[in-house]
Amino acid sequence: MMLVWVIYDISDDRTRSRVAKICKNYGLYRVQKSAFLGDLNRNESDSLALECESVIEDTDSVYVFPMCEDCFDKIKLIGTGFDRELVSGMTVTKFF
Amino acid sequence: MQLVVNSYGSYIRKSGECFVVKREDRCLEIAAKKISSILIATAAYITTDAIKLAIDNNIDIVFLDSKGDPYARIWHPKLGSTTLIRRRQLEIYGRPEALALVREWCARKLENQIEFLKRLKKSRSERNDELTRYIEEISSSLEEMRRLRGTVESRRQDILGLEGRASRAYFGAISLIMPEKYKFTGRSRDPARDEFNAMLNYGYGMLYSIVEKACIIAGLDPYAGFLHTDSYNKRSLVFDIIEMFRIHIDEPVVHMFTRRMVRDEFFEPVKQGVVLSREGRAALIDMINKALDETVEYRGRNVKIRNTIQMECHRIANHLIRGAVEESTDADDLNVIESGCDTCPVEGDDACLGDIRYIG
């Protein structure tokens with residue numbers, strides 16, 4: 001498993017929401033409007049990239065990049081941050 | 001992770017490959033890929049699409065009542081493995097090998113109790129003598145249990161008697177080390193008479209559902225037990241097997257009390273007893289899930305406690321099949337035994353067979 005960031009810049013509303021949907025389906029968490037983060041295996045991150053590629057236009061951009069655990073620990077959260085445990089898959093029980 | 005729905009009147013539906021849980025203005029969207037099981041511990045709604053999504057992803061949905069007993073579960077309608085296991089499970093009942101299995105399970109329970117009390121004793125020198133006496137009491141039951149021979153039928157009362165004697169000593173010892181406010185006198189169910197029993201019963205309820213799932217996946221018939229007798233809809237085998245895993249609930253529950261993590265809001269009075277409140281359930285479920293996710297050494301490798309339950313059930317199933325194969329001379333059957341399971345994380349271990357399906 002590895003931590004993966006997906007960050008995009010997409011002009012069309014429908015395309016953008018389709019990419020967001022793909023990210024959610026793979027279990028990534030929305031940490032900003034156009035930024036998703038979560039832990040995926042190699043296979044999942046490859047097929048996620050392929051799915052995104054098939055829906056976007058030439059002028060759009062989607063970055064899928066992995067991050068090592070050491071770097072993740074060094075992230076500084078300023079302002080409204082995300083739930084570190086949840087996005088890194090450390091949460092054992094999620095209550096609602 | 002385990003999703004626990006604990007807010008009264010929650011609504012669970014599907015959206016894409018995600019579950020959406022909603023109540024008034026609160027909303028949680030979570031991918032099916034991230035979830036291993038769903039526990040519904042309160043009144044809630046769930047759509048059939050959400051059920052389908054869960055089943056397609058090997059997520060079981062368990063419904064718990066206020067005492068923590070699973071009263072229903074949604075799971076695919078398949079057997080989990082080959083019927084040969086169930087056939088053998090019924091066949092060995094009258095033979096000494098059934099008693100050997102039961103003796104092993106019960107002895108394991110007593111060993112776990114002794115080890116736990118020894119760990120507790122280490123940091124409580126002021127209770128040393130009393131705890132030592134309790135430990136000796138369980139040890140002598142354990143020795144007697146190991147000497148039992150014959151059939152389950154003929155030894156049932158002996159085993160139950162020894163188990164009961166050990167249990168009284170064990171809970172006597174635990175009550176001794178409890179904070180003054182939470183001391184208790186013996187076990188009580190339906191309803192629990194005190195806070196400790198309320199916690200313990202709820203934890204055992206969760207464990208029943210985990211053990212039952214492990215039995216089904218391993219292909220064991222949860223209703224055909226050995227020590228526990230047959231009765232209408234009685235999951236006798238689950239009751240038999242659960243004994244060796246109870247310690248995984250006892251330990252976190254005792255720690256919640258001794259480490260002062262228990263608060264008054266965790267409990268609600270009911271007629272002649274105590275049940276857990278919403279906060280109490282949340283605290284306990286979280287504690288138990290964390291404990292089950294801890295890694296222990298199991299047969300030479302590091303495994304999460306949660307997975308040892310499944311592996312132990314696979315071993316029992318394998319043991320049953322292996323017996324059947326030894327009697328037959330069919331070479332094809334033997335090949336099945338030698339090929340390891342390629343879907344199971346346990347590589348090349350005899351805990352797994354090629355034809356046992358591994359789900360979840």
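Helix 6 (residues 195-218) of chain B packs against helix 9 of chain B at an angle of about 50°, and their axes lie 10 Å apart. Helices here are DSSP runs of H or I with at least four residues, strands are runs of E with at least two, and both are numbered from the N terminus. Axes are lines fitted to C-alpha atoms, for helices over the stretch in contact; angles run from 0 to 180 degrees between N-to-C directions. Helix 6 of chain B is therefore oblique to helix 9 of chain B. (Under 35 degrees counts as roughly parallel, over 145 as roughly antiparallel, 65 to 115 as roughly perpendicular, the rest as oblique.)

The model is predicted: local features need pLDDT of at least 70, and side-chain atom pairs count only at pLDDT 80 or more, while totals for chains, interfaces and linings use all residues. Residues are numbered from 1 along each chain, chains are lettered from A and ligands numbered from 1 in written order, and side-chain values use heavy atoms, without hydrogens and water.

Five strands form an open sheet with mixed pairing, in the order 5(A)-1(B)-5(B)-7(B)-8(B). Strands pair if DSSP finds at least two bridges between them. The edges are strand 5 (93-95) of chain A and strand 8 (70-74) of chain B. Strand 7 (residues 60-64) of chain B runs antiparallel to strand 8 of chain B, joined by four bridges. There, B:Phe63 stands opposite B:Ala72.

Helix 9 (residues 278-292) of chain B also packs on this sheet. Among the strands it touches is strand 5 of chain A; contact means heavy atoms within 4.5 Å.
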